[in-house]
Amino acid sequence: MKVDTLITNAQVFNSFLKVFELKNVAILNGKFFSMGIDILTDLKPTHVIDAKGSYMIPGLIDIHMHIESSMVPPAIFSKAGLSHGVTTVVADAHEIVNVFGVEGMNAFMDQETEMDIFYAIPSSVPSTTPELETTGGFMGVEEVQQLLNHPKVIALGEAMNFDGIVNDPDSLIRQILHTVQKKKPFMPIEGHVPLVSGSELAKFMYQGITADHTQQSPESIYEKISSGMFIELQHKSITKENMAAIVQNHFYEYCAIVTDDIMADELLNGHLNKNVQLAIEAGLPIEQAIYMATYTPARRMGFQDRGAIVSGFKADFILVEALEKMEASAVYKAGKLVHEKGSEIGYPEKKPYFPDSFYSSVQCEKTGRSDFQIRAEGSSAVCNVIRIAEVGTFTECIQMELPIKKGYLDWESSGLALIVVMERYGKNGNRAYGLVENALTEKGAIGTTWAHDHHNLMVMGTSIADLIVAQNKLVAIQGGYLTVQNEQVVSCCPLLIGGIISDAPVQVIGQQLNEVRQSMVALGYCNSNVIMSFSTLSLPVSPAIKITDKGMFDVRSHCPIPLLEEIR
């Protein structure tokens, strides 16, 4: 019998036995046809590839990620992700939808990609409510209904509004959940469930939320899985303690390895394969790590045609020489070679299309000195301060007393940084002010329009003069990331499309972002991921205190937290 391709002498991963077996694999019409030692005499292949003992693994499947975090559009991301062995993703495009609404998601889904990119409908745009944050786009019941029947839509993206999910039966998120459950009762519903346990976890799950991807501990993994929740392990949850909890309890069937967010500079060196490698280093058996990056994610999303090397499945696979490193020497999509180790990442022949309006979305007035002065009467003020953790994105609220001089809060000499979030869609001109501890220790400023998830303009600094330069530059370049010191822009990563992505090659964006990252560290920012830490200071669903254009809020209760608690 004629077949298109025959892979010989491969150590093929058996997803059901979780072992490698020496086999030959035949491919016909983009699907696996047969596999075994003795199939050679029955087949007439057009092409023969000698794997030379390499490990043959199903294409990696990332079921919880945000393409926008890579700061490139799907057509460019596809090329980069494939080079790391990722052949299928399920993307929650809530970043572009927060900026442009359904038009943004359609612009993503309309792009042609070699990688199979499916989508989860963003369920939380805004992440909380319009009363707590201003967004450019909005996702309501009507918008969800428009997207439910799109062939690329297979899930509902992470539900994040804790108060609305648990306490308010009339909330928008509850309406969206009920709409999906009625029209698509078997559709997976993703959750955002940090530090939730006991009866509150039960209330979350009662609304149909069946997965969590947030930061885990051994205790949370055990409680959530034993309660019936599927766990998606991103980088910060892949620790020795967490891997030990999975191994000891044989939780392999109930977990998947995901990325959630991979920045442009990180994407140059790896994607889901790096998290698989990290899991192996943290103590997860190699075969189980592969299983949790291929078959369990496929099963979670209801895929019936991928995730294993079996007859009838899509011939998506990678060849790996050393399992511990998880670097693909060759990547195949539907039986066709799409990348070889050492070759450059290709890009679309023409830039991905976006409407002209996507390039002029930062509608924000430039600032001056008075915009960073905080009026106050008295001799001192007790202030509520956001304290940043050195690892992860969690924060806590503390109080500090600052002097008042000549009618203004003297924050510049306090050792704290001033953070300002400015509405940038031209809707209301809101501005909110906060103070941050454990941020910048040197004189300077940083700024971005990549402010989770509303993506308003956000600047933070220890110098008014540098804050002015940072804000003015962000408006001028229509968004991105930058750092300023001595009133000079030190590093800059322009993101012209909605202030969150660029159509430049990922190598260019990656280098620019890495320069921003290094400049932030030089300014004294101390965190395991300084870019993500800064960008999520504005995310009002990530514990415990965050700031939006409407002010500072307690994440759990959504109660406002004033900057000035008491004047003395």
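Q: How many bridges join S2 to strand S3 (residues 31-36)?
A: Five bridges join S2 to S3, and the two strands run antiparallel; strands here are DSSP runs (E, at least two residues), numbered from the N terminus, and two of them pair if DSSP finds at least two bridges between them. This is a predicted model, in which local features need pLDDT of at least 70 and side-chain atom pairs count only at pLDDT 80 or more, while totals for chains, interfaces and linings use all residues. Residues are numbered from 1 along each chain as its sequence is written, and side-chain values use heavy atoms, with hydrogens and water left out.

Q: Which residue in S3 does Ala26 stand opposite?
A: Ala26 stands opposite Ser34, and in the hairpin of S2 and S3, which has two residues between the strands, Asn29 takes a positive phi near 55°.

Q: And how many bridges are there between strand S1 and strand S2?
A: Strand S1 (residues 2-14) and strand S2 (residues 19-28) pair in the antiparallel sense over eight bridges, and Val12 has Glu21 in S2 as its bridge partner. S1 and S2 form a hairpin with four residues between them, where Lys18 in the turn has a positive phi of about 60°.

Q: Changing topic, which domains does the assignment give?
A: The domain assignment gives domain 1 (59-307) and domain 2 (358-561), with bounds that come from an automatic or database domain assignment. Their C-alpha centres lie 27 Å apart.

Q: What area is buried between domain 1 and domain 2?
A: About 3,700 Å² is buried between domain 1 and domain 2, with carbon and sulfur atoms giving 68% of that area; buried area is the accessible area (1.4 Å probe) that two parts lose on being put together, summed over both. On the domain 1 side, Met71, Leu132 and Thr134 supply 20% of the area buried against domain 2, more than any other three residues.

Q: How many salt bridges are there between domain 1 and domain 2?
A: The count is two salt bridges, each being a side-chain nitrogen of Lys or Arg within 4 Å of a carboxyl oxygen of Asp or Glu. Separately, Arg517 forms a salt bridge with Asp265, and the closest N and O atoms are 2.8 Å apart.

Q: What about the order of the strands in the sheet with S26?
A: Three strands form an open sheet in the order S26-S27-S28, with antiparallel pairing. Strand S26 (545-548) and strand S28 (560-561) stand at the edges with a single partner strand each, so one side of each is left without a neighbour in the sheet.
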